[in-house]
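Welcome! Try each task before reading its solution.

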Amino acid sequence: MFSLCYLPTAGRLTITMIKARNLKAMDITGASDPYVKVSLMCEGRRLKKRKTSTKRNTLNPVYNEAIVFDVPPENIDQISLLIAVMDYDRVGHNEVIGVCRVGNEAESLGREHWNEMLTYPRKPIAHWHPLIETRSII
């Protein structure tokens with residue numbers, strides 16, 4: 001679950017990662033060490049990225065962390081967010097647990113959430129999003 005809030009006058013997009021539930025277990029312990037990586041995308045290119053802290057040994061992490069991007073109002077229509085929930089591994093590569101996309105290029109819920117954010121500026125809009133499993137590295 002995360003909220004989106006856009007302040008057009010300041011050109012500030014805030015994504016508040018609230019929590020996740022029932023994540024896929026990625027470690028042999030039967031849990032994961034999840035963190036969330038948010039990429040600001042424009043026409044398929046990553047412009048900026050930010051990430052949350054890592055929550056150790058859980059499948060139901062609570063973050064309550066805000067991630068802020070500067071996005072001028074004239075550019076907001078070309079922007080989308082790629083949100084990847086990752087499993088931190090001390091050895092080897094961090095693995096992708098799942099992803100979702102939010103923005104004009106997104107499908108169904110991702111587009112609806114984005115449009116709701118634009119319709120109600122300055123108001124945080126929170127929704128649950130399902131994760132799509134992927135094999136590619138983000």
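**Exercise 1.** Find which backbone oxygen the side chain of serine 32 reaches.

*Solution.* Step one: the side chain of serine 32 reaches the backbone oxygen of lysine 24 at 2.9 Å. Step three: serine 32 has a relative accessible area of 0%, so it counts as buried (under 20% relative accessible area, 1.4 Å probe, protein chains only). Step four: its contacts (heavy atoms within 4.5 Å) beyond four places in sequence include Lys55, Asp87 and Ile97.

This is a predicted model, in which local features need pLDDT of at least 70 and side-chain atom pairs count only at pLDDT 80 or more, while totals for chains, interfaces and linings use all residues. Residues are numbered from 1 along each chain as its sequence is written, and side-chain values use heavy atoms, leaving out hydrogens and water.

**Exercise 2.** Work out why E3 is largely enclosed by the rest of the structure.

*Solution.* Step one: 9 of the 9 residues of E3 are buried, so the rest of the structure largely encloses this strand. Step two: Pro34, Val36, Val38, Leu40 and Cys42 point one way, and Tyr35, Lys37, Ser39 and Met41 the other. In a regular strand, side chains alternate between the two faces of the sheet.

**Exercise 3.** Identify which strands pair with E3.

*Solution.* Step one: E3 pairs with E6 in the antiparallel sense over 9 bridges (pairing takes at least two DSSP bridges). Serine 39 has leucine 82 as its bridge partner there. Step two: E3 also pairs with E4 (residues 45-51), antiparallel over 6 bridges. Valine 38 stands opposite arginine 50 in E4.

Terms used. Buried < 20%, exposed > 50% of the residue type's maximum accessible area, 1.4 Å probe, protein only. Polar contact = N/O pair within 3.5 Å; in protein donor to acceptor, adjacent residues only side chain to side chain. Helix = DSSP H or I, 4+ residues; strand = E, 2+ residues; numbered from the N terminus.
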